[in-house]
Structure formats: C-alpha cells, structure tokens
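Visitor: I am new here. Please show me the structure, and then let me ask about it.

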Amino acid sequence: MIKVQAEPHPFVFDPGHVALLCIDFQRDFLEAGGFGESLGNDVSRLRSAIAPTQAVLSAFRERGWTVIHTREGHRPDLTDLFPAKRDRGNPSLRIGEEGPMGRLLVRGSAGHEIVPELAPQPAEVVLDKPGKGSFYATDLETILRARGITSLVVTGVTTEVCVQSTVREANDRGFESLVLSDCTGSYFPEFHAAALAMFAAQGGIVGWVGTSADLLDALEQSSVRTENPE
Ligand code: TIU
C-alpha cells in the first residue's frame with residue numbers, strides 16, 4: 001500500500017488498483033479562441049496545472065499504471081447536446097459554432113483535442129463525454145471495474161465544474177479519489193479553493209486533497225522500498 005499526505009488524512013491506495021484521471025485538458029478550455037474563452041473567461045488561469053500534471057503522468061507511465069484522459073464534447077450532428085446546455089453561455093458563440101479552433105466542443109475539432117503538453121499515449125484510455133461529470137453517459141465505470149480500479153488520482157479542469165462533478169460521481173460509486181490541488185485549475189481562484197475545501201471537509205465527505213509533490217514523494221519512497229526490501 002502507498003500512503004500519501006493529504007487532507008483530511010493520508011490517502012492510502014493499492015498500486016495495483018489505481019488510475020490517473022486527466023479531466024478535460026482540452027485546447028477548448030486552456031487556449032485562446034476556445035469554448036472557455038467564449039464564455040468570457042481568462043484561460044491563462046488554467047495553465048499552472050499543466051507542468052505538475054506532466055510530472056504525475058510521467059510517474060504513472062513509468063510504472064505502467066492506468067491513465068484515463070477525458071474530453072467534454074459533442075457529436076458533430078449535436079444529437080447529444082441538450083437545448084438546456086446549448087442555450088447557456090455566450091449567445092453569439094455557442095457549442096457547435098465555428099470558432100478559431102474549429103467548432104466549439106465538437107469531437108474532431110482542433111479545440112476539442114487535449115493540449116499537446118498532456119497528449120495521450122496510444123495505450124491510454126481517451127473517454128469522450130457529453131456532460132460535466134465523467135461517469136454520466138459514458139462507460140467509465142465499466143472500464144474502471146473491468147481493471148479492478150478502486151482508487152483515483154484526479155487532475156484536470158475546471159476544479160469546480162468537471163472535476164467536482166466527476167469526483168462526486170466517483171464517490172457515490174465507491175471509488176476513492178485523491179484530487180491534486182496543483183494539477184487542477186479554475187477560471188475563478190475562489191471557486192478552486194472552495195471546491196477543494198468541500199471535497200475534504202467533514203472527514204473527506206467527497207474525497208481527499210493533496211499535492212503532486214506529496215504524491216510523487218510517496219511513489220518515490222515506495223519504489224525505493226520495492227527495490228531494496230529490508
Ligand atoms: N466552464 C467551466 O468552468 N468548465 C466546463 O464547462 N467544463 C469543464 O470543467 N471541463
């Protein structure tokens with residue numbers, strides 16, 4: 001078992017049953033000209049999550065552990081887009097309309113792709129989802145259960161929207177989530193802080209919150225122990 005410093009208490013997981021979730025690190029949310037900017041947001045605020053997530057991704061890849069990337073978006077014919085979602089946000093540039101990176105939040109558009117810094121590798125799962133939560137209308141639960149995954153290390157954007165929805169959905173399905181504070185990000189720093197506080201409040205009512213540094217330390221320690229058993 002690996003033990004990581006976290007709030008409200010250490011996160012303990014079995015390395016044979018863990019997956020890294022990278023939620024919606026898409027150009028549409030992190031780059032100028034995408035869906036996030038069309039909603040009036042300062043997209044530069046999310047970029048601080050990229051470098052620490054790269055480090056965590058490398059650690060998972062070195063160990064051959066499961067990595068799952070999610071992408072929020074819709075079918076090109078928009079048959080999976082509820083009017084209630086379409087009509088929210090910027091009325092002059094809606095989901096499905098042509099922007100500088102192609103059609104906003106549409107599968108196949110340049111803006112729908114994951115940023116190059118965190119691009120998936122061929123063996124990794126890429127999961128397309130029409131909603132904010134990663135379990136809603138997807139086969140994520142089936143994929144996790146088929147691999148015997150019980151613990152999730154969670155990174156992604158935005159903290160209080162797709163990350164929060166996903167971690168709540170995971171919690172209700174019996175998965176334990178460690179959300180990495182520096183590997184998540186929001187257009188609203190106060191919402192980022194509040195969402196993280198909510199996860200860990202009440203004895204970890206939704207999950208655990210930690211940092212990439214503490215996770216990487218714990219992984220390093222466990223590798224040393226495995227290589228040099230006493
Ligand atoms: N708008 C916003 O903060 N987020 C989203 O619409 N989707 C995700 O969080 N991925």
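Visitor: How do the residues of the shell around the ligand divide by class?
Guide: This is a predicted model, where local features need pLDDT of at least 70, side-chain atom pairs count only at pLDDT 80 or more, and totals for chains, interfaces and linings use all residues. Residues are numbered from 1 along each chain as its sequence is written, and side-chain values use heavy atoms, with hydrogens and water left out. Ala, Val, Leu, Ile, Met, Phe, Trp, Tyr, Cys and Pro count as nonpolar, Asp, Glu, Lys and Arg as charged, and the others, Gly among them, as polar. The shell has seven nonpolar, one polar and three charged residues.

Visitor: Which residues surround the ligand?
Guide: A residue counts as near if one of its heavy atoms lies within 4 Å of the molecule. The residues around the ligand are Asp24, Phe29, Phe35, Leu39, Glu72, Lys132, Val157, Thr158, Val161, Cys162 and Tyr187.

Visitor: What lies 2.9 Å from a nitrogen atom of the ligand?
Guide: A polar contact is a pair of N or O atoms within 3.5 Å; within protein, one must be able to donate a hydrogen and the other to accept it, and residues adjacent in sequence count only if both atoms are side-chain atoms. Val157 has a polar backbone atom 3.2 Å from a ligand nitrogen. Cys162 places a backbone N or O atom 3.1 Å from a ligand oxygen. At 2.9 Å from a ligand nitrogen is a polar side-chain atom of Glu72.

Visitor: Which pocket does the ligand take up?
Guide: On a 1 Å grid over the protein atoms alone, a pocket is an open set of points where a 1.4 Å probe fits, with protein on both sides within 12 Å along at least five of seven lines; lining residues have an atom within 4 Å of a point. A molecule sits in a pocket if more than half of its atoms lie within 2 Å of its grid points. The ligand's space is the second largest pocket.

Visitor: Which helix gives the largest share of the lining of the second largest pocket?
Guide: This lining divides into eight nonpolar, two polar and three charged residues. Helices (H or I, at least four residues) and strands (E, at least two) are DSSP runs, numbered from the N terminus. Three lining residues, the largest share, come from helix H6.

Visitor: Where does Thr158 lie?
Guide: The peptide bond from Val157 to Thr158 is cis, with omega near -10°. Thr158 is in the loop between strand E8 (151-157) and H6.

Visitor: Where is the place of Pro8?
Guide: A cis peptide bond also joins Glu7 and Pro8, with omega about 0°. Pro8 is in the loop between strand E1 (2-4) and strand E2 (11-13).
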